[in-house]
Amino acid sequence: MSDEALSELVEHWLRGVVEAGFVPGVRARARAALRDLLDELVAAVRAEPFDSAPGYRIGVELVDLRMAAPAVAGVTVRLFAGALPALLGGSSDGGEVRERVLLLLDRLVTGFTTAQRAAAVGAAEQMNRSEKIHWRRVQTDLQQRLQEALLHEVRTGLPNRQFLCKNLGERIAAAAPGDRLGVCLLSVDGVAELTDALGHDNGDRLLAGVAWRLRQVATAGGWFLAHLGDDEFALVVAGAGGPDEVVKAAASARVALSPPFPIDGYSFSVGVTAGVVDGPLAGTHPEGWLRDAHLALAWARQDRREHAVFEAVRAEADRSRHRLAAAMPAALAKGEFVPHYQPLYRLRDHAIVGVEALARWQRPDGLPALAPQQFISLAERTGLIRPLGRSLLEQACRQGAAWRKDGHDLLVSVNLSPLQLGEPGLAAEVADILHRTGLPAHRLQLEITESAAVDEHRDRLRELAALGLRLAVDDFGTGYASLAVLSRLPVTGLKVAGELVADLDTASPAASAILRHTIELCHDLGIEVTAEGLETSSRERLVSDLGCDLGQGYLFARPAPPSEITARLG
Amino acid sequence: MADSYDWVPEGVDVTVPDASRVYDYALGGLHNFEVDRDFWNRTEAAFPGAGLVARANRAFLGRAVRWLSARGVRQFLDIGSGIPTLGNVHEVAQEANPDARVVYVDIDPIAVEQSRSLLAGNPYARVIQGDLRDPERILTHPEVLDLLDFSRPVAVLTVAVLHFVPDSAGPGAIVDRLGKALAPGGYLVLSHLGPDDSPAGRAAQETARKLYERTPTPVVIRDPDEITEIVGDGFEIVEPGVVAATGWHPDPDEAGDPPQPTALVAVARKR
């Protein structure tokens, strides 16, 4: 067999393979590779003993050479089955060569298809894996972006409350003993107003402007800045040497925000209120820092100051007040609020002509009882004063009626909160209580604090006066100078505040002159004058000399439960 | 953070044929899905020579990279590389120069992922996801800048990809931008679908083109003049000009292959 004949066969083979599919690389290389394979095939035909295994290898090799198009197998088999037996020996061997060629080609096809199948399965697996990796990456990206979004304020892109807490948590975890931290909570006033007036877009624009300036401040100071939502921002001052440093951070923020913001053609100014907290870092809790800073911010607002620094003592007082406020509704329901009574003495003859009912909170479980100044303003803040006032009024009226039944015709004086005065149904309610308890209206006196509310609720006071009860202005001399009010309102009594009485002690001629004229004026208007807070007999003499009608105070008696009053009445 | 969130993941949709996977199948590759195979089978039914066009195009890529390697180009940026299974640029280039560097860019995330696993362990070949329509992003991609030195000659390959860029996306401006990034001695290699030379062939080609209209990557057929215009003044097209792939510096061995007038190619040198 000539080499030319084999070369020619390779040439045929190459043409068939190239027509069947794309073969990478230069043709010369493909030709050389095919020539090697053909030589291998020829050698296998001639080998003794005969083994068809090389056929399989050649099939695999074709696929490895990336001559893997399905048609390659057909091209190869057709070409060699037709040409090889004649080339390698003709018919001289009785068909042995032909037999061997066919066996080898059979194995070649098996090798080819096996390798092809392996490649296809491998590729499919690879595709599958690639797709999975891709989706996992998409998911991770999404998660990252979600995480980003969850940790940032949408409108300003600044770290949000969660991010701040995370950041604080990390600082706390890494804190060495003695490390300190400062947090400055900034409330930007005016954002809500701008949003209401000029819309959310402009509100957001203002916020973005505020955030931009605060960023510069934070970068310059090396502070961590967060946007807690709406108009609240926070600066974290690491290693603060004390509250002053944190207050300085607040001051720089205020300076940065002081130039007006141009919004929608307007020049818009904002104010800043700050709550400042600083202290040791180790062992604290992120939320604790924010809570304290919020509390300080609330104090600043309450006190109308630019900033307030958190103080543990004040916070504890606030907290116990809150606890007290929370306990009040249940206490009222359980009847823990009861009136004690302080006698009203007629100065002329020291006869007890009436009592002032004063609320007292009799707490269970051995807790000390509380005086009204410890809980009345709290009840006014929560609105509980309405049912509480009603309950005390009813109890006092019932007690007054009981004394009256026993022959003690006392004036029962009960305090009325400005909040109660605002209730439209107040007169009807009082009438109902009088009716149910059986106390005559003229034996009830309602004390109203001298305040703006008195003038505001003139109509309500007239309704009450129309019931026939008495109205007294309480704490005269501590609030509004409302002598004019006395002439406009159906007032029958005036109670001079203990402080004003105390002023008489200092031998102030002005105080006694004012009081004297007030008492004269009252008497001209038919108004009875009571001096409160009488503690010494010298004071009693003074007010008596000035013309006061009644007196009340520790000099005579402290507030006491009804049984003690009954005993005192004899 | 300022821009709005676009949380729709970039699409891999194995229910829609993808140009790179279709091309892989057309060359006899195995990295494709059924939808890609169906699509190609319909394309070949409409335009019977399509497989040969794809092969001629791929063969041109191999010759062009060898031609460039012989002229000392050792850096290649292959945009629209598809799935690098058969006749990869890095194999050809690194055979000539073992330290030749290749960055593959493809828009299809699966192709990119696939390439990444095929290239694992090759320090001089990388792959990134990118869009030819946004050349700036490709040219400033950290991986590209990491591997390719643009102060030395780089060949930018846009093989069988510019015909997916409609006129509205400004193919000329894209090529111009790519050219500006190249140092003297840099090259542009391109291949592009051209019109068939017989009316019957053009009709068949039109049927196939309409098939692509229903894919995410419709094709635009451009003639040599239009292709020359896209190449623009930034490059000088080397001999033999804009020609059929089979006619561009053919290996003597391939001289007998049937000519493929619809696979137009050109290699251009940075001016």
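Student: Why does A:Asp230 count as partly exposed?

Tutor: Count the neighbours. A residue is buried if 20 or more other C-beta atoms lie within 10 Å of its own, exposed if 12 or fewer, and partly exposed in between, with C-beta atoms placed from the backbone. A:Asp230 is partly exposed because 15 other C-beta atoms lie within 10 Å. This is a predicted model: local features need pLDDT of at least 70, side-chain atom pairs count only at pLDDT 80 or more, and totals for chains, interfaces and linings use all residues. Residues are numbered from 1 along each chain as its sequence is written, while chains are lettered from A and ligands numbered from 1 in the order in which they are written.

Student: Where is A:Asp230, and what is its phi?

Tutor: Start with the general idea. Most residues other than glycine have a negative phi, and most peptide bonds are trans. A:Asp230 is not a glycine, yet its phi is positive, about 50 degrees. It sits in the loop between β2 (224-229) and β3 (232-238) of chain A. Helices (H or I, at least four residues) and strands (E, at least two) are DSSP runs, numbered from the N terminus. A:Asp365 also has a positive phi, near 55 degrees. Its loop runs between β9 (351-361) and α12 (376-382) of chain A. A:Asp365 is exposed, because 4 other C-beta atoms lie within 10 Å.

Student: Which peptide bonds are cis?

Tutor: Look at omega. The bond joining A:Glu48 and A:Pro49 is cis, with omega about -5 degrees. A:Pro49 belongs to the loop between α2 and α3 (53-64) of chain A. In chain B, the bond from B:Glu239 to B:Pro240 is cis, with omega near 5 degrees. B:Pro240 lies in the loop between β6 (235-237) and β7 (243-244) of chain B.

Student: How confident is the prediction for chain A?

Tutor: Chain A has a mean of 89, and 97% of its residues reach 70 or more. Within chain A, the lowest mean is 69, in helix α16 (residues 452-456). The highest is 96, in strand β8 (residues 337-346).

Student: Which strands close into a barrel, and in what order?

Tutor: Strands of a sheet pair through backbone hydrogen bonds, either parallel or antiparallel. Two strands count as paired if DSSP finds at least two bridges between them. In chain A, 8 strands close into a barrel in the order β8-β9-β10-β11-β12-β13-β14-β15, with mixed pairing. Take one pair. Strand β10 (residues 411-416) of chain A runs parallel to β11(A), joined by 5 bridges. There, A:Ser413 stands opposite A:Gln445 in β11(A).

Student: What does A:Thr449 touch?

Tutor: Two residues are in contact if their C-beta atoms, placed from the backbone, lie within 7 Å. A:Thr449 lies in strand β11 (residues 444-449) of chain A. Leaving aside neighbours within four places in sequence, A:Thr449 is in contact with A:Pro418, A:Asp474 and A:Asp475. A:Thr449 is partly exposed, because it has 19 other C-beta atoms within 10 Å.

Student: How many residues does each chain give to the contact between them?

Tutor: Chain A gives 25 residues and chain B gives 23 residues. On the side of chain A that touches chain B, α5(A) gives the most, with 13 residues. By class, that side has 14 nonpolar, 7 polar and 4 charged residues. Here Ala, Val, Leu, Ile, Met, Phe, Trp, Tyr, Cys and Pro count as nonpolar, Asp, Glu, Lys and Arg as charged, and the others, Gly among them, as polar.

Student: Is helix α5 of chain B mostly covered or mostly uncovered?

Tutor: Mostly covered. Helix α5 (residues 109-119) of chain B has 8 buried residues out of 11. Among them are B:Ile110, B:Val112 and B:Leu118. The buried residues of α5(B) pack against α5 of chain A, together with α1 (19-26), β2 (101-106) and β3 (125-129) of chain B. Just after α5(B), B:Gly121 has a positive phi of about 95 degrees.

Definitions and conventions: pLDDT is the predictor's confidence in each residue, from 0 to 100.
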